[in-house]
Amino acid sequence: MLKIAVLVSGGGTNLQAVIDAIAAGTITNSRIEVVISNNKNAYALERAAQNGIPHRCISPKDFADRDEFNRQLLLALNSYSVDLVVLAGFLVVIPPEVIAAYKNRTINIHPSLIPSFCGTGYYGLNVHKGALLRGVKITGATVHFVDEGTDTGPILLQKAVEVKEDDTPESLQRRVMEEAEWKILPEAIHLIANGRVEVENGKTLIRSEKGMDTI
């Protein structure tokens, strides 16, 4: 059984997609052990409560310095003995201590087709504003492993979404969530939970019936 921690800062729509997929059986061999938010008012915490999932707020604002926050976040993850850390809209820089402790065991969902519209400053609506300003015709979402960089870890899954002429950042954000994020994040967790994913030489391999395919 894959034990998961989900880290989130806001409404938790991707968290809900994971909860629903576990309930529906499209994610197997998995259980959410804890939901952690840096925002005590995040609706994601309410989603966790409604589903009987342990939840807590750990915010940098509650500690004297960032080192103590980093230490407390790692202690919290370790206390639940989690196997996988899922970043689902977590707007806090992941501490190096967590990245090291959960190397190739931390994934993030990003609302673009990496390497486009990613890195420092590209989060939330900023991603979709950037895509519309550039005039791209296709955008999408990416699930990737987390490393020391910003959106630079090995890519696990991607799904494309068409950009429409009358899109606003808000409409595009919603469609990327519905058509891509809510599909590939549960799929990624399912693959990991069932031993079908490996990271080798900075690339992700997904096991199929015929063996390992490089992504």
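In the hairpin of β8 and β9, 2 residues lie between the strands, and Asn201 takes a positive phi near 55°. Strand β8 (residues 197–200) runs antiparallel to strand β9 (residues 203–208), and 4 bridges join them. Strands are DSSP runs of E with at least two residues, helices are runs of H or I with at least four, and both are numbered from the N terminus. Two strands pair if DSSP finds at least two bridges between them.

A word on the model itself: it is predicted, local features need pLDDT of at least 70, side-chain atom pairs count only at pLDDT 80 or more, and totals for chains, interfaces and linings use all residues. Residues are numbered from 1 along each chain as its sequence is written, and side-chain values use heavy atoms, with hydrogens and water left out.

Strands of a sheet pair through backbone hydrogen bonds, either parallel or antiparallel. Here, 7 strands form an open sheet with mixed pairing, in the order β3-β2-β1-β4-β5-β6-β7. β3 and β7 (155–162) stand at the edges with a single partner strand each, so one side of each is left without a neighbour in the sheet. On average, and with direction ignored, neighbouring strands of this sheet are turned by 20° against each other. The axes behind such angles are lines fitted to C-alpha atoms, for helices over the stretch in contact, and angles between N-to-C directions run from 0 to 180 degrees.

Let us follow β2 (residues 30–37), where 7 of 8 residues are buried; buried means under 20% relative accessible area, exposed over 50%, and partly exposed in between, using a 1.4 Å probe and protein chains only. Strand β1 (residues 2–8) runs parallel to β2 and is joined to it by 7 bridges, and Leu7 has Ile36 as its bridge partner in β2. From β1 the chain crosses through helix α1 (residues 13–24) to β2 in a right-handed β-α-β crossover, that is, with the strands pointing away from the viewer, the path from the first strand over the helix to the second runs clockwise. Helix α1 lies across β1, β2 and β5 (106–110), at about 160° to β2, where contact means heavy atoms within 4.5 Å.

β2 also pairs in the parallel sense with strand β3 (residues 55–57), over 3 bridges. In β3, Val35 has His55 as its bridge partner, and Ser37 has Cys57.

What of the nonpolar interior? A nonpolar core is a set of buried Ala, Val, Leu, Ile, Met, Phe, Trp, Tyr and Cys residues joined through side-chain atoms within 4.5 Å. The largest has 42 residues, of which Val35, Ile107, Leu156 and Ile189 touch the most other members. Helix α6 (residues 169–193) gives this core its largest share, 10 residues. A second, separate core of 20 residues includes Ala5, Leu7, Leu73 and Tyr102.

Finally, the aromatic pairs. Rings of Phe, Tyr and Trp (its six-membered ring) pair if their centres lie within 6.5 Å; planes under 30 degrees apart count as stacked, over 60 as edge-to-face and the rest as tilted. The count comes to 2 aromatic pairs.

| Pair | Centre to centre | Between planes | Type |
|---|---|---|---|
| Phe63 and Phe69 | 6.3 Å | 50° | tilted |
| Phe117 and Tyr122 | 6.0 Å | 75° | edge-to-face |

Phe63 is partly exposed at 25% relative accessible area, while Phe69 is buried at 0%. Phe117 is buried at 16%, and Tyr122 counts as partly exposed at 31%.
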